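Work through the exercises below with the sequence and the structure at hand. Each task is followed by a solution in steps.

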Amino acid sequence: MSSRWYPFGQLVLARLREFYREPVALFWVYGFPMILALGLGIAFSRREPEAHGVDVQTTPGSDLADEIKAYLEKNGVRAETNPAGECSHRLKTGKTELFLVAYRDAGILHVKFHYDKARSEADAARDKVTEVLDRYESKPPLVVDDPKLLDAPGTRYIDFLMPGLIAMNLMGGGMWGIGFVLVEMRTRKLLKRLLATPMRRGDFLLALLTSRMILVVPEMAIMVSVAVFLFRVPLEGSLLILIVTILLSAAAFSGLGLLIASRTEKTETVSGLMNLVMLPQWLLSGAFFSSKRFPDAAQPFIQALPLTQVIDALREVMLEGTGLSVMGWRLGVLAVWGVVSFALALRWFRWR
């Protein structure tokens with residue numbers, strides 16, 4: 001009986017040894033789920049009902065908004081008072097999940113919420129505020145008017161989401177489109193053939209970078225067109241600034257791809273390294289939810305990530321119409337990432 005199952009047992013052992021000797025497999029089976037759970041756990045461990053607090057719309061000649069703000073803050077809800085236009089702008093740009101309008105009619109307090117029904121956090125914030133104000137206005141009881149559910153372009157979750165998706169596409173295309181191709185050329189011995197030519201390594205790497213910059217133009221044209229014309233995401237800012245932001249972003253991520261692949265010899269290794277670099281940015285940079293959910297101590301690191309700056313820059317251009325004077329520092333950060341990455345890749349690159 002033992003001789004019958006001996007080959008089977010050896011095959012199982014061989015497969016297990018092969019698995020545990022492969023760092024990439026270990027990372028994806030054990031490391032990736034752990035990092036993902038840890039990152040999302042940190043992001044959502046603080047269970048505030050709202051991400052950035054709620055806004056209370058002010059009314060000229062009335063102190064009611066200030067009273068409600070003070071009571072909300074006393075009961076654990078972060079609140080700000082702003083005029084109607086500022087409330088709408090803050091909701092549009094994702095700085096708050098909802099705003100409310102409060103007024104008294106025949107001595108009874110009425111509250112009307114304004115929010116996008118696609119945001120689950122807006123529902124949680126509304127329920128929390130309603131619970132708090134029920135205690136504030138117990139006699140006579142609080143009246144909650146029918147909410148104004150926002151579906152105009154610029155006020156929806158899809159408007160917050162699409163710039164994040166465009167930025168993630170820029171990161172994935174730049175890093176995989178450069179890094180993976182370069183390592184594949186090395187494994188197929190193509191770089192050894194190029195080594196025999198009088199070509200400079202700088203020209204070769206710059207050609208890879210330039211080709212990626214050319215390819216990103218139609219790719220991003222399609223992405224932005226889908227966002228603007230199909231999903232009606234607004235484009236409030238300058239088209240020229242948007243193009244500059246996209247090109248600088250592509251250069252930064254392509255530079256990172258070159259740097260990672262400059263000495264990597266196997267496609268399995270470059271796959272692991274690429275995902276190791278991109279994973280923290282997927283989690284921390286605020287593509288799907290605000291990066292402000294993470295602790296304040298983590299914010300300097302989060303703001304230093306290129307994907308964070310790309311996402312914030314795209315949202316500022318598309319949703320707020322921000323000019324270069326305000327968001328120029330973000331483009332500067334991306335330019336530094338691109339230049340430093342390319343310089344290091346050029347220094348460390350080897351043909352074989």
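**Exercise 1: the lining of the cavity**

Sort the residues that line the largest cavity into nonpolar, polar and charged.

Solution. The model is a predicted one. The lining of the largest cavity holds 5 nonpolar residues, 3 polar residues and no charged residue. To check this by name, go through the lining: V56, Q57, T59, S62, L64, A65, I68 and A102. Val, Leu, Ile and Ala count as nonpolar, and V56, L64, A65, I68 and A102 are among the lining residues. Q57, T59 and S62 also belong to the lining.

**Exercise 2: elements and volume**

Which elements give two or more residues to the lining of the largest cavity, and what is the volume of this cavity?

Solution. Start from the lining, which includes V56, Q57, L64, A65 and I68. The elements that give two or more residues are strand 1 (54-57) and helix 3 (64-74). Helix 3 supplies the largest share, 3 residues. The volume of the largest cavity is about 30 Å³. With a cut-off of 30 Å³ or more, the count is 1 cavity.

**Exercise 3: a nonpolar surface patch**

Solution. Patch residues need over 30% relative accessible area. L235 forms a nonpolar patch on the surface together with V217, L239, I243 and L247, and their accessible area together is about 390 Å². Helix 9 (residues 239-261) gives the most to this patch, with 3 residues.

Definitions and conventions. Residues numbered from 1 in each chain as written. Predicted model: local features only at pLDDT ≥ 70, side-chain atom pairs only at ≥ 80, totals over all residues. Heavy atoms only, no water. 1 Å grid on protein atoms, 1.4 Å probe; cavity = no way out; pocket = protein on both sides within 12 Å on 5 of 7 lines; lining within 4 Å. Points joined across faces, edges and corners; volume = space filled by probe spheres on them. Helix = DSSP H or I, 4+ residues; strand = E, 2+ residues; numbered from the N terminus. Patch = residues over 30% accessible without salt bridge, like charges linked within 9 Å, V, L, I, M, F, W, Y side chains within 5 Å. Areas by Shrake-Rupley, 256 points an atom, 1.4 Å probe, with all protein chains shown as cover. Salt bridge = Lys/Arg side-chain N within 4 Å of Asp/Glu carboxyl O.
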